[in-house]
Amino acid sequence: MKTSAFRESVAQFSASVKAPFLWLLQRILMLWVKATVLPTEFDELGIDSDRPVCYVLDLDGVSNTLILRDVCHELGLPDSGGLLTGTNSELPATIYLRRLSGILVRRADPRISQETKEIAEAYAEGKIDDVQFVPVAIHWGRKPEKEESLLKLLFSDSWSIAGRLRKLMIVLIHGRNMYVQFSRPVSLREKFPRNEYDDRSVRKLSRILRVHFRRVREAAIGPDLSHKRLLVSEIMDSDSVRRAIEREAVRSDISIEKARDKARSYINEIAANYSNSVIRVLETLLKWLWNSLYSGIVQNNFQAVQEVAPGREVIYVPCHRSHVDYLLLSYVLYVQGLVPPHVAAGINLNLPVVGGILRRCGAFFLRRSFKGQRLYSTVFDAYLRRNLSKGVSLEYFIEGTRSRTGKLLDAKGGMLSMTVKSYLQDRTRPIVFIPVYFGYERLLEGSSYENELGGKAKQKESIWGLLKAVRLLRENFGHVYVNFGSPIHLNESFDRVVPDWRESLTRDEDGEIDSAPLDAIAKAIVPPLGVEIMTDINASAAVGPINLLGLVLQATEGQALDETDLQMQLGLYVDLLIQLPYSPLTTLSERIVESPTGANIIKYGVDFGLLERHPHALGDVIGLHEHNGAMLNYYRNNVKHLLVLPSLLACAFMSRRAIERDVLVEFVQGMYTLARGEYFLAWELDEVSTPIHAALSELVKLDLLVPEVGGKLIARSASDTSEIRQLDLLARIFYETVERYSVILNLLLETPSGTLRQAELEEKSRLAAEKLSMLDSRSNPEDFDVKAFRRVMASLLASKRVWRDDARNLCYGDDVTRVGALIASTIDVHAHRISLHK
């Protein structure tokens, strides 16, 4: 009895001390805090003052409790700090869904609070007739897309529970700009009529309120994607990973627990740890960075993403030009109101400090090769499947590495294959691929690329390299173009390539899709899907002034031209791009569209520091500024495919004045067949005739070509005119490419059909092109890149003009012989002067 009396007296004393302390704390707090009440039309909530009102807070923090009490007083609402009005009971007027514990590190107890149980019991026993539960959410700070202060972003609302020190900082920083959001009341009587009330009703009520608070919070700060601990648990408990752990234990002769630790370490190595707060901070930093580096970020066709994203799993598949690509796309999507995707990044970027930041921005890391790493491969597959099933948007670069030449690289099948297989296992959401084109007027890695193309080894990524890059902030990198391509629906690709794919999928006793049909479908779909993505990226190209200058000056002997000739050539290319649009998604920069004159483009190049003017009495000469020539070919290669048909037509007149129209068209068709695979060109082989004739008509209209003999013959001018010079420069865009194709056909036709292997032809072609470059003093490594020859061979095989026999030797028919003879008679190919025989 004495002990009980003592405890009661202690409780009374604590209450007597606590009450004035909280009153004083509330007065001090409200001197600083300025609360905005939402909604502004408060009466529309329908809170009935004649019925008991119970306020519901998600967490029981002191600051939230005191602010709510002050707001209720200002609005004339029942006191949130008192007892439930109109009930003659000792029930509290405020309940908390989660109670906090801990001194510095705060944790939330998700169990139903005692106060909630007491109110529910009182209702069940008929002691109270009804209660209006009014959810109240308290937000600190403005919405992310409106916040600009870096400090405020660092201490903005997040899904994690703030410790006492962090909460103090949040109050100090956001106290003048916080929101108290009331929601419509939930009537206990309407939700749970007394005759239907049972023991489960209180759990249902708690769940309804939790879901409500989650939705309100998602609307305010975005979805919670940061539960890495839960993600690790889900992956570790998946059937495929459990079986892989068992196999690894047997294979490596280790215990199951060690195999589990190994799998867990792989997940931690791979997984992103998305953080809204870091994303908001990074958005502010990137905004400053882009303003320091670039004159502007131009984006096109974003509406296609907005229209297709809802209800689908979106996978962004950009070309890979620069390390900036990782950040640029996420930034563009974020400022447009979409959640940044989880980005597949090479393990080489998992640098100290930087790797952690990238993880919190959504980066997940993968090794260059999975070969011989079955457990790692299974864990990665489970991680990918989990993201796809949850609807987390992804981004990966299917080229596998950055292009050093400006041309698109072949699509690597690894991530595509894993995506296809994961989708076939769990067809939760339809997948849509969004090709993305990046166009830079100047690359941050420009000097590094120059060194690598010159034969120096690739520099390994490091913190020191990152710090050295800071000096680049003083330089001007022009504009960046981000063009979104046409969405590619995976199901449509399946239906086109493997029409019976749905019927062929069968599951084994573990519920997994049988591996044989899974592998067969992936093997059939991945190569054409990769080509389709790369083709759509090229179709979405952006043309800026630097690209046009590259197209012209890279075709000249000394990378310089008379100013008048340069103006005319630039004007010609603009005319061709406008009159012969390569694709509806191809764009011209605003500067070109607003003033499509050569003089305007030259001025931009001079101001940008790319060009310099050399005054002369007979007319100024425009040439490249010192040290700018090496990368000019890169910017030309970004867009040269847009003029492929006019350039191939012009190539036919490099050594001949006149050609029969039909022969000319056949020559271009033959060259296009070879170029299609190398440059990922848009037109199918059976439809390219129409754009060829359109391009020919345009060149005639521009007086670069002249029809003779009633149009049966097409000719160039007989004398040295400006049109002849323009046609020559136009041809040189693709002339070296045509020479390489001539090398391949010449070497193929040197040997009888069915006697040469593809690898032999590729190697011979590479050696011949290498010798040709030496004879002509060229230094362009792409001229003798074996991968380029491989693409050309793939185009020939796809066209069915060349095929393999049972012995895997290359065979060809009369049409290839005719095309080879046509090339030999149409242009003066240096390849005919090259002998590969000792």
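Trainee: Which residues does Ser422 touch, not counting residues up to four places away in sequence?

Mentor: Ser422 touches Asp381, Leu384, Arg385 and Leu388. Contact here means heavy atoms within 4.5 Å.

Trainee: Before I go on, what kind of model is this?

Mentor: This is a predicted model, where local features need pLDDT of at least 70, side-chain atom pairs count only at pLDDT 80 or more, and totals for chains, interfaces and linings use all residues. Residues are numbered from 1 along each chain as its sequence is written, and side-chain values use heavy atoms, with hydrogens and water left out.

Trainee: Where is Ser422 found?

Mentor: In helix α16, residues 413–425. Helices (H or I, at least four residues) and strands (E, at least two) are DSSP runs, numbered from the N terminus.

Trainee: Is Ser422 buried or exposed?

Mentor: Ser422 is buried, with a relative accessible area of 2%. Buried means under 20% relative accessible area, exposed over 50%, and partly exposed in between, with a 1.4 Å probe and protein chains only.

Trainee: How about the whole chain? How many helices and strands does the chain have?

Mentor: The chain has 34 helices and 26 strands. Of its 838 residues, 51% are buried. Take the contacts with a separation of 6 or more: residues 24 or more positions apart account for 77% of them.

Trainee: Let's look at α15. Which of its residues are buried?

Mentor: The buried ones are Leu375, Tyr376, Thr378, Val379, Phe380, Ala382, Tyr383, Leu384, Arg385, Arg386, Asn387 and Leu388. That is 12 of the 17 residues of α15, so the helix is largely enclosed by the rest of the structure. Two of these names, Leu384 and Leu388, are among the residues that Ser422 touches.

Trainee: What span should α15 have?

Mentor: Helix α15 covers residues 374–390, and at 1.5 Å a residue it should span 24 Å. The expected span is 1.5 Å times one less than the number of residues. The end C-alpha atoms of α15 are 24 Å apart, which agrees.

Trainee: And what follows α15?

Mentor: Gly391, with a positive phi near 80°.

Trainee: Which residues other than glycine have a positive phi?

Mentor: Asn301 is one, with phi near 65°. Asn301 sits in the loop between β8 (296–300) and α12 (303–308), and is buried at 19% relative accessible area. Gln559 is another, with phi near 55°, in the loop between α22 (545–553) and β17 (560–562). Most residues other than glycine have a negative phi, and most peptide bonds are trans.

Trainee: Where is there a cis peptide bond?

Mentor: From Leu38 to Pro39, with omega near -5°. Pro39 is in the loop between β1 (35–38) and β2 (53–59).

Trainee: New topic: the core. How many residues are in the largest nonpolar core?

Mentor: It has 198 residues, and Phe433, Phe484, Leu548 and Tyr573 have the most contacts inside it. The largest share, 10 residues, comes from helix α21, residues 515–539. A nonpolar core is a set of buried Ala, Val, Leu, Ile, Met, Phe, Trp, Tyr and Cys residues joined through side-chain atoms within 4.5 Å.

Trainee: What does Leu548 touch?

Mentor: Leaving out residues up to four places away in sequence, Leu548 touches Val543, Leu570, Tyr573, Val574, Leu577, Ile592 and Ile601.

Trainee: And Leu643, where is that found?

Mentor: In the loop between α26 (632–639) and α27. Leu643 is buried, with a relative accessible area of 2%. Beyond residues up to four places away in sequence, Leu643 touches Leu551, Tyr573, Leu576, Leu577, Ile733 and Phe734. Leu643 and Ile733 are 90 residues apart in sequence and 8.2 Å apart in space, C-alpha to C-alpha.

Trainee: Last one: which residues make the contact between α27 and α30?

Mentor: Pro646, Ser647, Ala650 and Cys651 of α27, with Leu727, Leu730 and Ala731 of α30.
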